[in-house]
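This report describes a protein model and the ligands placed in it. Please look over the sequence and structure before reading on.

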Amino acid sequence: MSPIPKTAPFAEEEIDLLNRVVGPATPVQRAWLAGFLAGYDAAQGGAVTAQPAAPARQAEPLTIVYASESGNSEKLAGDMAKSARKLGLKPTIIDMADLDLAVLAKAKRLVVIAATWGEGEPPGRAARVYHELMGQGAPRLDGVEFGVLALGDTAYAEFCAIGRKIDERLEALGGKRVVDRIDCDLDFAEPAGKWIGGALKALAPADAGRGRVIEVDFSHKPSAAPSTDIVEAEIIEHTNLNSSRSDKETIHLALRFDGATPPYEPGASLDLYAENDPAYVDELLKLAGLSGDERLRDEFITSRDVTTLSLKTLETYVEKTGHQYVKALIANGEAKDWIAGRQLIDLIAHFPIALDADKLHALTRPLAPRAYSIASSRREFEDEAHLLVSAVRYETHGRARKGVASNYVAERLKKGARVRVQLKPNRHFALPPPDQDIVMVGPGTGVAPFRAFVQERRAMEAKGRSWLFFGDRSFTHDFLYQLDWQDALKDGALTRMDVAFSRDTPQKVYVQHKMLERRRDLIEWLDSGAYFYVCGDAKAMAKDVRATLVRAYADVKQLAPEAAEQAVAGLEREKRYLQDVY
Ligand SMILES: Cc1cc2nc3c(=O)[nH]c(=O)nc-3n(C[C@H](O)[C@H](O)[C@H](O)COP(=O)(O)OP(=O)(O)OC[C@H]3O[C@@H](n4cnc5c(N)ncnc54)[C@H](O)[C@@H]3O)c2cc1C
Ligand SMILES: Cc1cc2nc3c(=O)[nH]c(=O)nc-3n(C[C@H](O)[C@H](O)[C@H](O)COP(=O)(O)O)c2cc1C
């Protein structure tokens with residue numbers, strides 16, 4: 001019999017893990033462990049009321065479902081589970097990508113933590129199950145107590161749309177909302193933490209915390225978890241990979257770390273902490289009549305989001321200034337259209353009114369870092385990480401705009417400068433075992449993680465074949481990492497490469513056109529077990545690539561459209577269709 005009962009306040013996999021250690025342990029080892037844990041908890045402040053041998057109260061189940069792309073919802077689900085255990089609940093965490101809807105109907109208590117992506121869409125992995133939940137076949141959820149935590153970004157018109165829709169759907173299916181939904185912006189840590197506390201109180205059985213529950217502090221990181229602290233690095237290379245005649249600027253950035261290199265794996269990205277353009281901040285302050293305020297200027301440059309304009313910003317503007325025209329804009333439903341393509345500076349320029357530092361500050365939010373895929377492998381560049389950053393520049397409403405972080409990198413970060421970054425692991429975009437084939441579709445900066453993949457597989461002497469589809473505007477001016485690919489094709493780290501340069505021919509050619517041309521080989525690779533990776537633009541490219549793969553299946557295997565769709569859905573279910581799109 002296993003020594004740790006299923007009723008112990010741990011997750012099932014943790015109970016298994018503990019049983020594997022404690023089960024075969026000798027009496028001496030067990031005695032040592034008991035003494036060690038008692039001493040450990042005393043040293044931590046002694047918050048433990050352990051009464052191991054007595055019959056434990058049956059822990060009440062809590063189902064936590066998360067729908068995540070970049071890991072924030074997943075992390076919150078983990079945090080919530082830890083707190084839930086302390087209350088004597090028995091949480092089960094499920095990625096929506098792996099959710100069987102029948103499980104929801106059986107759940108007694110349910111929390112859904114869901115991010116919104118694209119333009120109001122579910123995270124890619126979760127999309128299939130999300131649409132099932134919204135569809136006719138979804139099960140009734142009568143009696144299921146639920147709460148929803150939505151993650152989003154007020155900069156998007158469809159703020160927290162997916163969390164909102166899930167919340168409405170759970171109620172429509174008969175669920176009982178026991179805690180109101182919260183819609184969190186990018187600075188979600190504090191509000192989400194508070195909501196989790198409140199939700200657990202509402203969901204926990206009345207006697208929770210009073211029973212014979214062992215409180216365990218899970219807050220320390222397991223030693224095997226990669227360090228995800230913010231660290232400093234020096235820029236040791238800063239090179240524009242486009243030619244001087246290109247209308248694009250894509251910077252290859254090599255970072256060298258002061259201390260230990262964050263233990264990144266291929267597929268991970270780095271969050272980069274950028275600063276705002278001082279010229280933009282100066283213009284903003286001038287328009288607001290606050291030019292002399294050096295303290296505000298410094299804060300705006302280093303740590304506030306001074307470009308985003310959202311419905312929330314307009315509402316705050318009305319609240320702080322009482323501006324009648326802005327109030328009318330909101331009231332007559334025109335605000336959303338007016339915001340499109342505009343920034344905070346446009347609001348101040350169009351609707352001027354007396355402002356002080358506090359009022360202007362209230363219109364801003366903390367400046368969020370931007371993610372960049374890591375384009376190198378630690379097996380080849382031990383103490384470095386490489387990034388590939390495309391400068392975002394465009395014009396709207398008669399004003400030239402510059403993306404905050406990409407232009408900080410392109411225009412103001414020079415060789416020798418220092419930058420703060422934070423590792424964002426992505427276990428959903430990892431390499432398969434080295435003997436498996438891989439197909440990589442990465443136009444533009446989407447190619448960045450595949451440089452890491454190829455380096456890693458070269459270093460590991462991987463036996464699997466690898467095939468890259470790359471595209472950009474022009475062969476001569478925009479062939480990012482051209483020499484790397486040529487070398488990789490020569491030394492065998494890359495088996496095959498197809499390129500699509502959209503502006504070199506009268507008719508635009510994109511990676512998906514190349515995929516369709518090569519459909520027979522592509523399906524042969526997938527049939528023999530290849531993993532299919534897509535990285536880069538989420539708006540058009542990723543959708544076109546998926547649709548093209550469906551077409552390729554239909555054509556090569558002579559399948560009806562639904563069967564071809566099922567073939568691609570099958571790859572997704574098997575986790576052989578992996579994407580990291582933005
Ligand atoms: C997991 C992940 C990995 C990523 N990897 C990379 C990478 O390897 N390389 C890379 O370059 N980027 C990558 N990105 C994107 C990157 O994080 C930033 O979003 C990008 O650099 C823009 O940031 P910014 O601060 O320069 O622009 P921001 O100041 O954030 O401005 C961008 C915003 O400007 C608006 N905008 C942009 N273009 C237009 C236009 N033409 N018309 C109207 N409005 C427009 C949009 O609202 C857009 O959201 C990645 C993103 C994610 C989530
Ligand atoms: C490319 C992209 C598109 C996004 N689209 C939306 C959106 O339409 N609405 C929204 O509220 N948030 C949007 N977000 C913000 C995310 O929901 C937010 O970053 C969230 O914290 C991500 O959670 P996750 O890490 O669990 O995926 C978007 C973010 C990115 C990078």
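## Polar contacts of ligand 1

A polar contact is a pair of N or O atoms within 3.5 Å. By that cut-off, an oxygen atom of ligand 1 makes such a contact with a polar backbone atom of Ala405, at 2.7 Å. The model is a predicted one, and the distances given here are computed from it.

Ser406 also contributes: one of its polar side-chain atoms lies 2.5 Å from an oxygen atom of ligand 1.

## The shell around ligand 1

Ligand 1 has 17 residues around it, and those that come nearest are Ala371, Tyr372, Leu388, Ala405 and Ser406. By type, the shell divides into nine nonpolar, six polar and two charged residues.

Four elements each supply at least two residues of this shell: the strands β12 (370-373), β13 (384-390) and β14 (393-396), and the helix α15 (404-412). The element that gives the most is β12, with four residues.

Side chains take part in the polar contacts listed here. An N or O atom in the side chain of Ser70 is 2.5 Å from an oxygen atom of ligand 2. For Ser73, the distance from a side-chain N or O atom to an oxygen atom of ligand 2 is 2.7 Å. Trp117 places a polar side-chain atom 2.8 Å from an oxygen atom of ligand 2. The area that ligand 2 exposes when taken alone is 640 Å², of which the protein buries 90%.

## Overall fold

The protein contains 22 helices and 21 strands. Its radius of gyration is 26 Å, close to the 25 Å that the globule rule gives for 582 residues, so the protein is as compact as a globular protein of that length. The C-alpha trace spans about 75 × 65 × 55 Å along the principal axes of the protein.

Of the 582 residues in the protein, 47% are buried. The accessible surface of the protein comes to about 27900 Å², and carbon and sulfur atoms account for 52% of this surface. Among contacts between residues at least 6 apart in sequence, 76% join residues at least 24 apart.

## Ala462

Where in the fold is Ala462 found? The residue sits in the loop between α16 (448-459) and β18 (466-472).

Leaving aside residues up to four places away in sequence, Ala462 touches Pro434 and Arg457. The C-alpha atoms of Ala462 and Pro433 are 8.3 Å apart in space, while the two residues are 29 apart in sequence.

Technical notes. Residues numbered from 1 in each chain as written. Chains lettered and ligands numbered in written order. Predicted model: local features only at pLDDT ≥ 70, side-chain atom pairs only at ≥ 80, totals over all residues. Heavy atoms only, no water. Near = heavy atom within 4 Å. Polar contact = N/O pair within 3.5 Å; in protein donor to acceptor, adjacent residues only side chain to side chain. Nonpolar A, V, L, I, M, F, W, Y, C, P; charged D, E, K, R; others polar. Areas by Shrake-Rupley, 256 points an atom, 1.4 Å probe, with all protein chains shown as cover. Rg over C-alpha atoms; globule rule 2.2 N^0.38 Å. Buried < 20%, exposed > 50% of the residue type's maximum accessible area, 1.4 Å probe, protein only. Contact = heavy atoms within 4.5 Å.
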